[in-house]
Amino acid sequence: MVIISERPKFKRYGRTQFRYAMIYVAITFVVLAFLNLYCSASCQRVFYQSKEAAMVEKAQLAASEVGKLDVLTSTTVSATISRMTSLKVTQVLVTDQSGLIIYDSTAQVPPESYATQPQVTQALQNNDVFTWNYRGGIMYSEAATPIVSYGTAVGCVYMLEVDSQQGALLRSLQVTILTITIILELLVIAFSLAFAHTFSKRMGRIMNSMRIIQEGDYSHRVTMNGHDELTVLGNEFNDLTERLQTSENKRRQFVSDASHELKTPLASIKLLADSVLQNDMDMETIREFVGDIGEEAERLNRMSQKLLDLTRGEGADLDVAEIIYMAPSVERVVRMLSTLAQRSNIEIMTDLERDVPILIKEDDLYQIIFNLVENGIKYNIPGGKLTISVDRTEECGILRVSDTGTGIPEDAIPHIFERFYRVDKARSRASGGSGLGLSIVRNMVERNQGQIHVESTFGMGTTFTVEFTAFDTEG
Ligand code: ADP
């Protein structure tokens, strides 16, 4: 069996970050190495130039002093050179024009020997020569200059200086530059790794949140500190998630409300059909019931059209409010639900003032009355009573649905208009309740500029009162 484990995406992202950091480190390494070499070479050059100037000057001074002598002998040259106390070099050689050594300050050269240094050969050809060598922390500086008498080179002065002090100074300078370079590079490596780590951690947080959202937890939000682009990205992501959450909530609400609304006409059709089948009815009543079934089917049709329009995003609400008298809608609902009431032995009484016109969408008014009356039957006791009245004041049309049922506990009253809230879950489920009916009622009442109130005494009964502005057409 082969098990393939999928690596989290942000780990791969972390590796990319690490690669970038390493590229950055490599670039800075090249730059720092170049700077290090350049500084070392510059230091050496400064030492070389100062040595060259000093040594050539000393050699020329000695050559000019020696050149003043009438004859160049070991004794005369030695006397002249020993007078020049400022020379301070390791070795001074004076030769004649053939390169034969006349004077050696170190007295190490055997008598009658010739100078072998290439600088001497060049100086005898009338050139000033300087060579510089830096090995093992020691500077070797050699200068040679011709001794000129009447325009011709009659010999040369050669000087050697072995300087370990300045060599040590140059070495310590180079070591310091190298140390600074290494420290800088280490700092760059540490900074790059820390930056790469922090960056991938922050990026990982966004990736992680994306996965959580992908799994369906739309309430999740990513928290990003700081003020950089990642924080902006995190905030944008949160905005996006919020919009996603809102639209998901709307979708869920839409689906549940739609199915609840569709249930009402279907239940009515079933009740009416049952009544026709089960009761002995005269032709007139049967016609009336079948007519009602047709009306309910028509309402179902309108609703499914409305749902289709909503899902297609066409005008959210095609229905227009119209002036409607409340009483006929109540009568229609009572007719629809009378079979249900009879089954539970509930007596429905109506007291309807006929002249109560209001401005409302007809299907909304029907649905409001239907849900309230249905609840009055569902949550009633066998043999209970349900009173529906339509009244009016100067300004308002008032619908009252009052039952002698179970009532609602006081602490539950503030919640009954919430979606999916049910007081007695078992009873509500048994009667096909989903906790949506009253929330739909409240939405519909509010979108038609009405108000709804409830009064209830637990164990005694409940009264729902709905008020709409009366809409008299005559002055
Ligand atoms: P459901 O679909 O469960 O009936 P509703 O939104 O219509 O949902 O009602 C919410 C809850 O309020 C119900 O579960 C019920 O407990 C309570 N309720 C609603 N109307 C009445 C009433 N007339 N008498 C007693 N309780 C009621």
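Predicted model: local features only at pLDDT ≥ 70, side-chain atom pairs only at ≥ 80, totals over all residues.
Local features were taken at pLDDT of at least 70 and side-chain atom pairs only at pLDDT 80 or more, whereas totals for chains, interfaces and linings use all residues. Residues are numbered from 1 along each chain as its sequence is written, and side-chain values use heavy atoms, with hydrogens and water left out.

A search of the whole structure finds 18 salt bridges, a salt bridge being a side-chain nitrogen of Lys or Arg within 4 Å of a carboxyl oxygen of Asp or Glu. One of them joins the side chains of Arg 335 and Glu 288 at 3.8 Å, N to O. This pair links helix H7 (residues 326-343), which holds Arg 335, to helix H6 (residues 283-312), which holds Glu 288, across 47 residues; helices (H or I, at least four residues) and strands (E, at least two) are DSSP runs numbered from the N terminus. Arg 335 is partly exposed at 25% relative accessibility, and Glu 288 is partly exposed at 40%, where buried means under 20% relative accessible area, exposed over 50%, and partly exposed in between (1.4 Å probe, protein chains only).

Helix H7 also contains Arg 332, whose partner Glu 362 lies 30 residues away in helix H8 (residues 362-378), and the two side chains meet in a salt bridge of 3.8 Å, N to O. Arg 332 is buried, with a relative accessible area of 14%, while Glu 362 is partly exposed at 34%.

Lys 385 belongs to strand S9 (residues 385-392) and Glu 347 to strand S7 (residues 347-352), so the pair ties together parts 38 residues apart in sequence. Finally, Lys 51, Lys 58, Glu 161 and Asp 163 are linked in a network of salt bridges.
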